[in-house]
Amino acid sequence: NGLIVLNERPINAKTPAHLLNGDVTLNTRHFIHSNGIPPKINAMDPDSWVLTIDGEVHKQLSLTVDDLKTTFETVELNLQLECGGNGRAGFNPPARGNQGTVGAIGNARWTGVRYRNVLEAAGVNENAIYTAHYGIDKHLPGDPKKSPISRGVPIAKAMEKHSLIAFTMNGEPIPAIHGSPLRVICPGWPASTGQKWLRRIQVRDVVHDGAKMTGASYRVPNHNVTPGTKVPETDFKIIESMPVKSLITSHATGSTLIGRTIHLAGHA
């Protein structure tokens, strides 16, 4: 309901499969994944919020939420967000990290401005290859010098017409736990690229090396390996487009159905 405040640890919640049966995922049913300590409600005031665009650009921009709404075309799109760890609980041997089952995915209706329009207004330098996203959530256990997560995307992905800087979720201001007042939406890629509580976009001339961008974070081997194989870091690549999954949503997981014909439905 937008009133969740937790200043001690991250919040993580997945959606039971049968609550994903609708074409649009309600705000109250959309999965939650936080890498750090969510900010306090009073830190998310949209009237005083300023988004900075800097780095490899012709001119630095400082944009309020109203600036975004009045300067750029506003679009509404139903867009899929999926946690990079969706289904991780089924891995054998087990993988480290949050043990997501099947409900770390949602398809809300997002309203915002196209990411590319904002970058075009700043003017992207020819040597730019990647973006870097920064929010205001805090590192756990609270190191002020560290960010809990700062990911980004290649310039080409940021320039896609479906990539957004969003301020509305299903017709309402984005709820606090989903990143109020601004967040990035890069549909089809791990939802970790969709920075919540977005305060800054830095355009870089190298692949971004922020928190959760290096090592094994959101990265997989660039060739097939037997599960459990130790792979050198040089053989890892960043996860981009997520693999297609399919899920039965018309019946609750664990339902027992005996002696009758039933209709099964779901989503891919």
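In the predicted model, the largest nonpolar core comprises 30 residues, and those with the most contacts inside it are Leu51, Ile53, Leu68, Val118, Ile165 and Leu182. Two or more residues of this core are supplied by each of strand E3 (50-55), strand E4 (61-64), helix H1 (65-71), helix H2 (115-122), helix H3 (155-158), strand E8 (164-169) and strand E11. H2 provides the largest share, four residues. Beyond its neighbours within four places in sequence, Leu68 is in contact with Leu51, Leu63, Val113, Val118, Ile165 and Leu182. Another core, of 15 residues, lies apart from the largest one and has Leu77, Cys83, Leu164 and Ala191 among its members.

Four strands form an open sheet with mixed pairing, in the order E4-E3-E11-E7. From one strand to the next, the twist averages 15°. E3 and E11 are paired in the parallel sense over four bridges, with Ile201 of E11 as the bridge partner of Ile53. Strand E11 (residues 200-204) runs antiparallel to E7, to which it is joined by five bridges; here Val203 of E11 is the bridge partner of Thr131. E7 (residues 130-134) is mostly covered, with four of its five residues buried.

The helix H2 lies across E3, E4, E7 and E11, and runs at about 140° to E4.

Note on methods: Residues numbered from 1 in each chain as written. Predicted model: local features only at pLDDT ≥ 70, side-chain atom pairs only at ≥ 80, totals over all residues. Heavy atoms only, no water. Buried < 20%, exposed > 50% of the residue type's maximum accessible area, 1.4 Å probe, protein only. Pairing = 2+ DSSP bridges. Core = buried A, V, L, I, M, F, W, Y, C linked by side-chain atoms within 4.5 Å. Contact = heavy atoms within 4.5 Å. Axes fitted to C-alpha atoms, helices over the stretch in contact; angles between N-to-C directions.
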